[in-house]
Amino acid sequence: NGFGTIVQIDDCLVSEDVFTEFFACDYEVCKGKCCIVGDCGAPLDEPEIEMLERDYPAYSPLMTPAGLQGAMTHLVSHGLMKIVLFFCAGAFLVQTGKQYVQELRGIGKVMPVTCACFTFAAVALMGTPPLCGFLSKWRLLTAAMATGLPMGTVATVTLIIATVLTAVYVLSPVQAMFFTPLEGFDPSEKLETRDPDARMIAPMALICAAILVFGLAGSQILS
């Protein structure tokens, strides 16, 4: 029929390709390119562009210069922070085959550098100073409050709630990595480090440095 064989697994219909093709992240091959492209978001379709153009007059008064600066700051910051988390997820998968948070129990003992990078990016994503997540959220927060509009108040409250929720979901893996026993580990055995080599560690470490630099000097850089 041109689409190959369709297989039913529980209540899902999937292609037979799932049995023959490798769909997991192959970090050694892609070098993180797919993470970068994916973090940029899906391209807009023509109907979506038409909707934005149609509704632009309604929301353009809310787009103050300070708000636009905050949005641009957050765009750059979010990309830096999230790409580190994606890189770390790829490193976990390549080095251990683990894909789920509950499988990361105690993994900080054998992948300390990767887990440290993950924690650094997670703390930045929460909006902790002096990292770039704080800079972008602070700019968005002050811009929303400066409007004096009801929607500005809604945006402020939403941002605060989102920050709390972010802390909950990014600190859960960190807690599992560092503060739970390593599953399947015999205390009498010597631990062997399973961090990836420099080809995978270097990009994560460099972007972590960029997160700090952009947090400290982001205003000057963007201006």
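What share of the 223 residues in the protein chain is buried? Buried residues make up 30% of the chain, where buried means under 20% relative accessible area with a 1.4 Å probe, protein chains only. Do keep in mind that this is a predicted model, in which local features need pLDDT of at least 70, side-chain atom pairs count only at pLDDT 80 or more, and totals for chains, interfaces and linings use all residues. Residues are numbered from 1 along each chain as its sequence is written, and side-chain values use heavy atoms, leaving out hydrogens and water.

Let's walk along the chain. Starting at the N terminus, the order of elements is β-β-α-α-α-α-α-α-α-α, giving two strands and eight helices; these are DSSP runs, with helices (H or I) of at least four residues and strands (E) of at least two.

Now look at helix 4 (residues 65–96) and helix 8 (residues 198–222), whose axes come within 10 Å and cross at roughly 170 degrees. Axes here are lines fitted to C-alpha atoms over the stretch in contact, with angles from 0 to 180 degrees between N-to-C directions. The two helices are therefore roughly antiparallel, a label for angles over 145 degrees.

Notes
Buried < 20%, exposed > 50% of the residue type's maximum accessible area, 1.4 Å probe, protein only. Parallel < 35°, antiparallel > 145°, perpendicular 65-115°, else oblique.
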